[in-house]
Amino acid sequence: MNSLTPLASQGLLDKIKGLPATSVLRSWERCAANGYALHADPNPMLQADLQARREQHARILQLAQPEIETLASLVASARSVVVLADETGVILQEAGCTEFLRKAEQVALQPGVSWAESLRGTNAIGTALFDAAAVRVHGEEHFLECNRVLSCHAAPIFSPRGKVIGVLDISSEATTLHAYAMGLAQICARQISNRYLDHTDARLHRLVFQRQSSLLDSVERAILLLEEDRIVGANEAALHLLGGDWSLLDAPVHDWLDGWDRMGDNPRPLHTRGGTALLGTLRPGKGPAAARPASLAAPDGAATPRPARARRLPAGAPGLPSLADDLQPSMRHALSAVNAGLAILLQGETGAGKEIFARHLHAQSQWRQGPFVAVNCGALPESLVESELFGYEAGAFTGARREGSRGRLREAHGGVLFLDEIGDMPLLLQTRLLRALQEREVQPLGSDKRIPVDFGLVSATNHDLSSMVENGAFRADLYYRLQDFDVRLPPLRERRRLREFLCQEFKRVGGADCSMMLADSALEQLAGYHWPGNYRQLHSLLRRLVALLPPGSLIQADDLPAEIRPAGGIARPAASTESAAAGIVPAAAAMPSAAGVAPPAAGIAAASALCPTLRDISDQTIERVIAESSHNISLAARKLGVHRSTLYRYLGRASARHAARRPD
Ligand SMILES: Nc1ncnc2c1ncn2[C@@H]1O[C@H](COP(=O)(O)OP(=O)(O)OP(=O)(O)O)[C@@H](O)[C@H]1O
């Protein structure tokens with residue numbers, strides 16, 4: 001161990017003292033005042049110890065992987081490296097320019113070495129950890145002389161409760177100052193912190209807000225995690241916009257924001273207590289959120305939770321996809337109708353969201369405390385429809401359950417009965433159903449008792465019931481009984497702001513988790529397709545894309561299945577304003593949005609110029625892993641975390657692309 005006294009750098013301290021107070025200056029003063037025993041030449045920890053440490057920090061390593069991989073390729077060409085350190089300053093991972101990695105080792109900038117300020121003096125990793133803030137430490141600003149060959153830019157990564165859980169750093173030689181590096185490190189650290197929030201307990205509600213709607217999808221989006229109406233997690237952007245600090249955790253959200261309880265899936269206005277106008281969305285948590293979720297039970301040993309308050313989330317149906325804005329007026333009218341005892345008939349193509357609409361209706365209606373009982377009238381064998389709907393007495397027929405059955409109409413008592421595919425109900429049964437609905441009584445099979453029932457009635461069909469009535473395939477009296485109030489669910493292709501919705505759904509089904517994006521060309525095709533299977537077909541396709549393409553892909557039109565693409569190739573349009581607003585970027589700008597961050601002006605432009613497409617990065621990563629696996633495809637697929645057949649398919653497509661690019 002080589003210990004240096006701070007006095008060795010007294011001259012520089014004097015020089016720096018003339019400058020305005022900065023985190024570097026304050027760090028120098030700490031180094032001078034505290035008599036740290038500094039290590040100029042520390043030994044890295046043993047491989048086994050480093051491995052154990054990496055295992056302990058598996059979470060942050062996993063959260064940071066997309067950024068480390070993207071940055072490694074990006075900064076390598078600028079002879080730089082990207083470094084991930086844990087909350088104590090120990091370097092867990094380093095990647096980038098191979099030549100500079102070797103040089104960095106000479107000053108112990110390598111995995112298994114701690115760069116805590118108390119061990120290595122003023123340096124970007126240690127000082128960012130100390131201040132919990134981003135910092136650049138360039139050349140001579142390093143306290144230890146040996147480290148002055150470095151130019152380092154570090155930004156802290158936060159847990160949802162404000163604890164610094166690590167640092168992301170971009171380092172290079174001090175002979176060049178990379179103006180873009182500070183902004184890039186900050187953006188990526190924020191992206192990782194946001195990913196931590198996104199992956200925290202799905203039962204919590206997520207309130208996302210910003211000054212403009214175009215920023216709601218950007219890395220600068222402010223996020224609050226809510227348990228009931230209490231703030232249990234946040235990011236730095238939220239603290240900044242609210243003008244608060246981490247002490248806002250565990251406070252009721254209405255102490256900070258007005259109008260938060262009117263939020264839904266589409267951006268709506270809200271205000272800070274200081275009157276700043278914002279736009280926000282609210283994604284309700286999935287499942288019961290009454291109990292404080294274990295994952296946020298003061299994980300950092302932070303504040304003791306206060307008991308949950310009685311105020312509940314705004315009306316809606318947590319866990320259900322939200323309805324298009326255009327459907328809100330129909331929903332309001334249907335609600336009044338069902339609450340007034342009228343029967344609702346939903347008509348629309350298959351997969352257009354009739355059941356989802358019915359569930360929303362139930363969740364907001366006067367019947368919401370009761371059950372939602374769905375009966376698929378088309379799927380029941382004719383011989384069973386009657387017993388299924390009306391129930392039966394014990395021993396009513398051979399094969400009947402000994403204890404009898406209440407039947408679906410009685411089960412729906414106090415709630416909503418949803419008769420799906422009503423157009424497929426056999427004619428004979430239509431008569432019995434009509435009687436039960438008119439009299440609001442059911443008579444179970446084998447019984448002479450009539451039992452009163454009361455429920456909200458919603459039916460759905462993708463047939464044209466009125467022409468069925470004309471053809472005699474559906475009883476006119478039942479038709480009029482079912483359609484006191486008629487709602488037509490428009491097909492997906494008619495949805496307004498379809499491109500924006502497609503991006504949002506792609507993220508929701510897993511695209512965001514895998515850092516995948518839809519390129520403008522793909523979006524163009526998806527928005528122009530006629531979607532006969534509507535939402536159901538869309539989700540199946542989006543899930544397939546996420547499952548089959550490698551993480552990090554920028555999905556192009558030619559990645560889409562043949563049925564989506566028109567014959568004769570694709571014209572590739574320029575990025576439109578709408579797609580930009582929806583978070584879609586053309587390949588050349590496939591880096592996180594820099595909006596709102598304050599890196600040096602040249603930073604992002606420089607980053608974009610250096611930035612390869614995500615597809616190039618995927619190709620390079622896959623090729624590297626295959627080479628490292630000695631061309632054993634099964635092994636490479638295991639390392640990449642995809643199925644072997646996926647990798648073969650990917651290789652097939654990649655070689656077709658290469659062949660197409662090759663000049664004749
Ligand atoms: N507004 C929406 N946003 C996102 N997803 C939706 C929306 N509406 C429906 N979906 C999804 O589409 C799928 C089909 O929806 P749903 O079952 O409500 O359609 P349907 O019209 O009842 O279909 P069918 O007539 O075939 O029974 C479901 O997986 C549902 O989650």
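# Chat about strands, sheets, cores and a ligand shell

Modeller: Let's start with β8, residues 205-210: five bridges join this strand to β9, and the two run antiparallel. Keep in mind that this is a predicted model.

Biologist: Fine by me. Which residue in β9 is the bridge partner of Arg 206?

Modeller: Arg 206 has Leu 225 as its bridge partner in β9. Leu 225 also stands opposite Gly 233 in β10.

Biologist: How many bridges join β9 to β10, then?

Modeller: Four, and β9 runs antiparallel to β10, which spans residues 230-234. The two strands form a hairpin with two residues between them. In that turn, Glu 228 has a positive phi of about 55°.

Biologist: Are the residues of β9 buried or exposed?

Modeller: Buried: that holds for six of the six residues in 222-227, so β9 is largely enclosed by the rest of the structure.

Biologist: And which residues of β9 point one way, and which the other?

Modeller: Ala 222, Leu 224 and Leu 226 point one way, while Ile 223, Leu 225 and Glu 227 point the other way.

Biologist: Switching topic: what is the strand order in the antiparallel open sheet?

Modeller: That sheet has five strands in the order β4-β3-β7-β6-β5. Its edge strands are β4 (91-96) and β5 (135-138), each pairing on one side only. On average, neighbouring strands there are turned by 20° against each other, direction ignored.

Biologist: How many bridges join β3 to β4?

Modeller: Five, with β3 covering residues 80-86 and running antiparallel to β4. One example is Val 82, whose bridge partner in β4 is Ala 95. The hairpin of β3 and β4 has four residues between the strands, and Gly 89 takes a positive phi near 100°.

Biologist: Now the parallel one. What order do its strands take?

Modeller: β15-β16-β19-β14-β20, again an open sheet of five strands. Here β15 (372-376) and β20 (485-488) are the edge strands, and the twist averages 20° from one strand to the next. Inside this sheet, four bridges join β16 (residues 416-420) to β19 (residues 456-461). Val 416 has Gly 456 as its bridge partner in β19.

Biologist: What about the nonpolar cores? Which residues touch the most other members in the largest one?

Modeller: Ile 344, Leu 346, Val 458, Leu 518 and Ile 555, out of 65 residues. The largest share of this core, six residues, comes from α19.

Biologist: Why does that core lie between domain 3 and domain 4?

Modeller: Because domain 3 (327-489) and domain 4 (494-661) both give residues to this core. Apart from it lies another core, of 59 residues, including Val 107, Ala 108, Phe 143 and Ile 192.

Biologist: Last topic, the ligand. Which residues come nearest?

Modeller: Pro 321, Gly 353, Lys 354, Glu 355 and Tyr 535, of the 17 residues around the ligand.

Note on methods. Residues numbered from 1 in each chain as written. Predicted model: local features only at pLDDT ≥ 70, side-chain atom pairs only at ≥ 80, totals over all residues. Near = placed C-beta within 6 Å. Core = buried A, V, L, I, M, F, W, Y, C linked by C-beta atoms within 7 Å. Buried ≥ 20, exposed ≤ 12 C-beta atoms within 10 Å, placed from the backbone. Domains from an automatic or database assignment. Pairing = 2+ DSSP bridges. Axes fitted to C-alpha atoms, helices over the stretch in contact; angles between N-to-C directions.
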